[in-house]
Amino acid sequence: MKRAAHHLTAGILALFFVYPLVWSGWSSIRLGDAFSLDSYRRLASYGEGLGTYVVNTVVLVTLTVAGTLVVATLAGYAFARHRFPGRGVLFVLILAILMVPYPTILIPLYVLLGWLGLQDSLAGLALVMIMFQLPFAVFMMRNAFESVPRALDEAAMIDGCGTFGALVRVLLPAVAPGLVTVGLFAFLASWNDYVAPLILISSNDRFTLPVAVVNMRLHDFGAVDFPTMQAGVVFMALPCLALFLLLQRYYVRGFMSGALRG
């Protein structure tokens with residue numbers, strides 16, 4: 001009886017989450033009393049072309065995920081395995097970034113990117129996205145490394161591995177679920193974020209998918225082409241859904257071994 005209640009509750013919650021995506025898919029092909037794929041054709045030819053926005057988003061996602069994984073892995077390893085002055089204070093300061101609403105600091109970051117010559121560039125936007133991801137990512141990776149017995153490090157070093165060799169050959173495979181969790185969060189954040197690209201990117205040919213989809217408006221008195229926007233929503237949601245279903249086992253293991261520890 002209890003199991004049936006759990007399944008019923010999970011099914012109801014799943015319906016609440018799936019319904020908006022199903023409704024968007026239905027709206028994207030329903031035109032009056034007929035079905036049509038015209039909204040997807042308009043999506044493909046909108047603005048600079050759908051391919052341009054997809055490439056921009058993929059570049060942003062690749063830079064963000066790669067940068068987040070590299071920095072968070074090295075930082076998490078240092079916090080978990082090494083003792084150095086100010087270790088606790090530095091870790092708390094990193095976590096304190098979570099308390100700052102990130103839209104409030106986008107204008108100073110825009111000015112800073114101008115000083116660095118990275119204004120209106122995907123590389124500069126990726127650096128900002130990496131910064132926003134690091135507090136959670138470092139927290140996850142520190143806890144993931146702390147869940148691995150130190151005996152593995154010692155055994156690797158006895159066999160001739162240095163510190164970096166032990167990290168790459170022994171510890172990284174052991175914290176793979178944590179890496180997947182961090183990478184998935186970085187992917188979802190950079191793929192779906194709208195506010196940061198809107199403020200930090202001003203060239204039409206560098207827009208990401210969320211900005212392009214929101215800007216899909218007809219020029220007739222500001223009317224909104226809702227079917228085309230819904231097609232864009234479906235197009236953006238499907239990769240996220242597929243990736244999550246593919247990696248959900250590692251995602252759950254990453255949270256169980258990392259986020260619930262420490």
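Reply: Each helix is first given an axis, a line fitted to its C-alpha atoms over the stretch in contact, and the angle between two axes runs from 0 to 180 degrees between N-to-C directions. Please keep in mind that this is a predicted model. In this structure, the axes of helix H4 (residues 87-96) and H6 come within 8 Å and cross at roughly 135°.

Me: Which residues make the contact of H4 and H6?

Reply: H4 contributes Arg87, Phe91, Ile94 and Leu95, while H6 contributes Pro135, Val138, Phe139, Arg142 and Glu146. Sorted by class, the contact of H4 with H6 has 6 nonpolar and 3 charged residues, and no polar ones.

Me: At what angle do H3 and H8 cross?

Reply: The axes of H3 and helix H8 (residues 163-174) cross at roughly 105° and come within 12 Å. H3 is therefore roughly perpendicular to H8. On the H3 side, Thr73, Leu74, Tyr77 and Arg81 meet Thr163, Leu167, Leu171 and Leu172 of H8. The contact of H3 with H8 divides into 5 nonpolar, 2 polar and 1 charged residues.

Me: How many helices and strands does the protein have in total?

Reply: The secondary structure comes to 12 helices and 2 strands. Along the sequence, the pattern reads α-β-β-α-α-α-α-α-α-α-α-α-α-α.

Me: Where do nonpolar side chains tend to be found in soluble globular proteins?

Reply: In soluble globular proteins, such side chains tend to be buried together. In this model, the largest nonpolar core has 30 residues, and Leu106, Leu125, Val128 and Trp191 have the most contacts inside it. At least two residues of this core come from each of H3 (50-81), H5 (106-116), H6 (122-146), H9 (176-192), H10 (195-200), H11 (209-214) and H12 (226-259). Another core, of 20 residues, lies apart from that one and includes Ala75, Leu134, Leu167 and Leu171.

Me: Which residues is Leu125 in contact with, leaving aside its neighbours within four places in sequence?

Reply: Leu125 is in contact with Leu60, Ala196, Pro197, Leu200 and Ile201.

Me: Is Ala212 buried or exposed?

Reply: The term buried applies under 20% relative accessible area, and exposed applies over 50%. Ala212, which lies in helix H11, has a relative accessible area of 1% and is therefore buried. Not counting residues up to four places away in sequence, Ala212 touches Tyr46 and Tyr53. For the protein as a whole, buried residues make up 37% of the 262 residues.

Me: What is the distance in space between Thr62 and Ser190, C-alpha to C-alpha?

Reply: Position along the chain and position in space are read separately. Thr62 and Ser190 are 128 residues apart in sequence, and their C-alpha atoms are 9.1 Å apart. Thr62 lies in helix H3 and counts as partly exposed because its relative accessibility is 47%. Likewise, Ala212 and Gly49 are 163 residues apart along the chain, with 9.8 Å between their C-alpha atoms. Among contacts between residues at least 6 apart in sequence, 77% join residues at least 24 apart.

Me: What is the phi of Asp120?

Reply: Phi of Asp120 is near 60°, a positive value in a residue other than glycine. Asp120 is found in the loop between H5 and H6 and is buried, with a relative accessible area of 17%.

Me: Which residues have a pLDDT below 50?

Reply: The protein averages a pLDDT of 82, and 90% of the residues score at least 70. Over residues 258-262, however, the pLDDT is below 50. Where pLDDT is low, the predicted coordinates should not be read in detail.

Definitions and conventions
Residues are numbered from 1 along each chain as its sequence is written. This is a predicted model: local features need pLDDT of at least 70, side-chain atom pairs count only at pLDDT 80 or more; totals for chains, interfaces and linings use all residues. Side-chain values use heavy atoms; hydrogens and water are left out. pLDDT is the predictor's confidence in each residue, from 0 to 100. Contact means heavy atoms within 4.5 Å. A nonpolar core is a set of buried Ala, Val, Leu, Ile, Met, Phe, Trp, Tyr and Cys residues joined through side-chain atoms within 4.5 Å. Buried means under 20% relative accessible area, exposed over 50%, partly exposed in between (1.4 Å probe, protein chains only). Helices (H or I, at least four residues) and strands (E, at least two) are DSSP runs, numbered from the N terminus. Angles under 35 degrees count as roughly parallel, over 145 as roughly antiparallel, 65 to 115 as roughly perpendicular and the rest as oblique. Ala, Val, Leu, Ile, Met, Phe, Trp, Tyr, Cys and Pro count as nonpolar, Asp, Glu, Lys and Arg as charged, and the others, Gly among them, as polar.
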